[in-house]
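Keep the picture open while you read.

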Amino acid sequence: MKKKVEILAPAKDLIHGIAAINSGADAVYVGAPQFGARSNATNSIEDVAALVQYAHLYNVPVFVVLNTILYDNELETCRQLIWKLYDIGVDALIIQDMAIMEMDLPPIILHASTQANNRDADKMKFLADAGIKRVVLARELNLHQIKEISTATDVELEFFVTGALCVSFSGNCYMSVANGERSANRGSCAQNCRLPYNLIDGHGETLIKSTHLLSIKDFDVSNEIPNLVEAGVCSFKIEGRLKDIVYVKNNVSYLRQKLDAFLEDNDKYTKASSGKCTYTFDSALNRTFNRGYTDYFVNERHDTIGSWESPKSKGQYIGKLIKTIGNAYQIENGDLLNNGDGLCYINENNEAEGIYVNKAENGLAYPNVLKEIKDGTFIYRNNDAAFIKIVEREDSAVRKISTSLLLFENETGFELLATDEDGNMSTVHLVHPKEQTKNNQSIEENIKTQLAKTGFTPYTADEITIQFTDNWFLPISKINEMRRTVYEQLSETRLKNYKREERKIEKTTHPYPETKLDFMYNVSNKLARKFYERHGVTEIEKAFELQWDPGKSRVMTTKYCIKYELAKCPKYHKDTMETKLKEPLVLKQGELEYKLKFNCKPCEMEIWEKDAEFEIEEN
């Protein structure tokens with residue numbers, strides 16, 4: 001039996017979720033009224049229920065994100081919410097807090113969020129044995145590590161494929177809390193990593209001024225889909241529950257076509273949902289929000305990954321500025337530009353600046369404000385007005401389920417049988433006298449024409465067969481009525497036949513791979529503590545949010561390394577590096593100040609508050 005491979009799309013709300021499904025998503029993930037790690041992407045129970053109804057028609061499961069850490073006074077509210085989500089047909093929950101594993105739950109499937117420290121095989125095997133069906137892998141992993149996890153356990157593996165990257169290990173960023181008590185683990189990340197910083201060395205000298213030193217490019221491993229599938233990944237996740245509908249449709253349609261090309265004539269893997277999509281636009285990842293792209297560490301550490309000029313969207317490269325002519329810019333490939341486009345370039349101070357194109361004509365771009373730009377400057381388009389206008393249309397991405405129709409006669413009249421691509425069937429009976437057509441002429445083609453008019457239904461009639469013993473007459477109104485009814489019934493049948501997988505969590509006692517947990521395990525309530533203690537953990541620190549020691553805490557651990565970005569890494573640049581950097585290196589932004597600690601053996605960088613004390617590793 002072929003293994004299913006899915007594209008998992010973000011849904012900010014019901015409208016975004018429907019758009020993702022129409023664009024080809026095999027599954028969608030969405031926030032509930034509470035407890036999602038994007039506090040600005042919540043949804044009512046009623047809207048989630050409506051999304052479930054629409055999704056299940058295409059055999060698309062809906063996952064609800066409950067991935068914040070929970071406080072004791074929230075546990076019962078969360079438990080009740082889970083029951084409501086189960087009752088409306090939600091397929092799975094994406095969780096971080098192990099307190100949920102201790103609750104009296106319905107038999108709903110649980111997925112471990114990337115915030116649950118999903119970075120090594122031992123912990124993944126533990127979660128699988130505890131009842132977790134799927135883990136969302138940490139983005140920092142490489143192909144070898146993913147394969148190692150896949151070999152160690154049969155738990156389903158989900159991996160991000162496109163979208164923004166959190167510079168910190170997922171779930172281990174505490175900058176927001178330390179700088180204003182807004183917890184990223186509680187859905188309110190302040191994105192301190194996207195701020196500009198000065199870099200100061202151990203001599204007190206400023207090496208770099210006002211640069212976005214912690215901002216990194218966006219993720220794109222779409223070209224690695226075949227390798228990732230072979231490594232064990234079954235679900236490819238698009239980041240972006242706060243992104244606009246054009247981003248969602250563009251990313252989903254791009255990956256749909258990419259994955260379909262891989263699955264075509266594949267004897268091991270198959271598509272995970274029903275229906276086929278058509279598009280009125282040519283998707284490309286660089287045509288919607290992006291900071292430039294990196295494959296991060298999937299293929300080990302190679303290129304630099306920083307997006308230092310700006311944390312905002314860079315967009316699609318258009319060409320170099322040839323020259324300024326009067327009040328307009330002549331740009332390579334300027335004929336690609338349209339009225340209303342937004343352009344981006346990096347100025348001589350290495351800062352990103354923007355231009356709004358009032359008019360694009362004869363290869364010239366007339367901006368709203370003429371700025372002095374050096375000839376040869378690279379010009380990017382970060383707002384493609386014509387593309388956005390096309391993609392925003394509801395009919396720019398349409399998804400249809402293939403059916404065959406058979407119209408035949410019976411003793412009392414006629415029957416119309418619809419059979420869909422998944423084998424579901426619906427039959428409509430029409431009591432009607434059998435009368436020959438005028439002149440005994442066949443109207444078979446006219447009947448087929450009417451039956452093919454599936455319009456706004458989720459179906460296409462790809463094969464239509466008429467089985468009459470004579471040239472019977474049927475009024476167009478009756479043909480249309482039969483067609484409408486048979487498809488309405490087919491939708492009801494599809495929803496009735498949809499099989500939601502269920503699994504009851506049984507409490508286990510197998511040992512957790514660690515016996516001591518520090519604050520990075522985000523234990524913030526009595527049930528999570530009970531869970532770990534039952535599995536042999538003897539020492540448990542409180543979550544950072546409950547024990548923050550101002551001025552002295554480690555607020556981030558990351559595989560991203562500023563030394564590497566500066567070509568000053570003692571491991572990778574030993575032969576080309578003329579001088580070492582004097583440590584400790586310090587990041588400073590206004591009153592905010594952080595020390596950097598470099599752990600070269602595991603190839604990690606830590607960010608500490610300014611009063612922290614630690615030993616500098618000698619290399």
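Asparagine 350 sits in the loop between strand E17 (342-346) and E18. Helices (H or I, at least four residues) and strands (E, at least two) are DSSP runs, numbered from the N terminus. Before going on, note that this is a predicted model: local features need pLDDT of at least 70, side-chain atom pairs count only at pLDDT 80 or more, and totals for chains, interfaces and linings use all residues. Residues are numbered from 1 along each chain as its sequence is written, and side-chain values use heavy atoms, with hydrogens and water left out.

Asparagine 350 has a positive phi, near 60°, without being a glycine. Asparagine 440 isn't a glycine either, and its phi is positive too, about 55°. You'll find asparagine 440 in the loop between strand E23 (425-431) and helix H10 (444-451).

| Residue | Relative accessible area | Class |
|---|---|---|
| Asparagine 350 | 43% | partly exposed |
| Asparagine 440 | 36% | partly exposed |
| Lysine 595 | 22% | partly exposed |

## The barrel

Strand E18 also belongs to a barrel: six strands close up in the order E15-E16-E19-E18-E17-E20, with antiparallel pairing. The twist averages 50° from one strand to the next. (Two strands pair if DSSP finds at least two bridges between them.) Zoom in on strand E18 (residues 352-361) and strand E19 (residues 364-367): they run antiparallel and are joined by four bridges. Glutamate 361 faces leucine 364 in E19.

## The open sheet

Another six strands make an open sheet, in the order E9-E8-E28-E29-E30-E27, again with antiparallel pairing. Its edge strands are strand E9 (206-211) and strand E27 (554-558), each of which pairs on one side only. The twist in this sheet averages 20° from one strand to the next. Strand E8 (residues 197-200) runs antiparallel to E28, and three bridges join them. Isoleucine 200 has valine 586 in E28 as its bridge partner.

Proline 584 lies in the loop between helix H14 (562-565) and strand E28 (585-589).

Lysine 595 is part of strand E29 (residues 592-599). Leaving out residues up to four places away in sequence, lysine 595 touches several residues (contact means heavy atoms within 4.5 Å). Among them are Leu585, Val586, Trp608 and Phe614.

## Two packed helices

Two packed helices are described by the angle between their axes and the distance between the axes. What are those values for helix H1 (residues 14-22) and helix H8 (residues 245-263)? They pack at an angle of about 20°, with axes 9 Å apart.

In the contact, Ile15, His16, Ala19 and Ala20 in H1 meet Ile245, Val248, Lys249 and Val252 in H8.

Terms used. Axes fitted to C-alpha atoms, helices over the stretch in contact; angles between N-to-C directions. Buried < 20%, exposed > 50% of the residue type's maximum accessible area, 1.4 Å probe, protein only.
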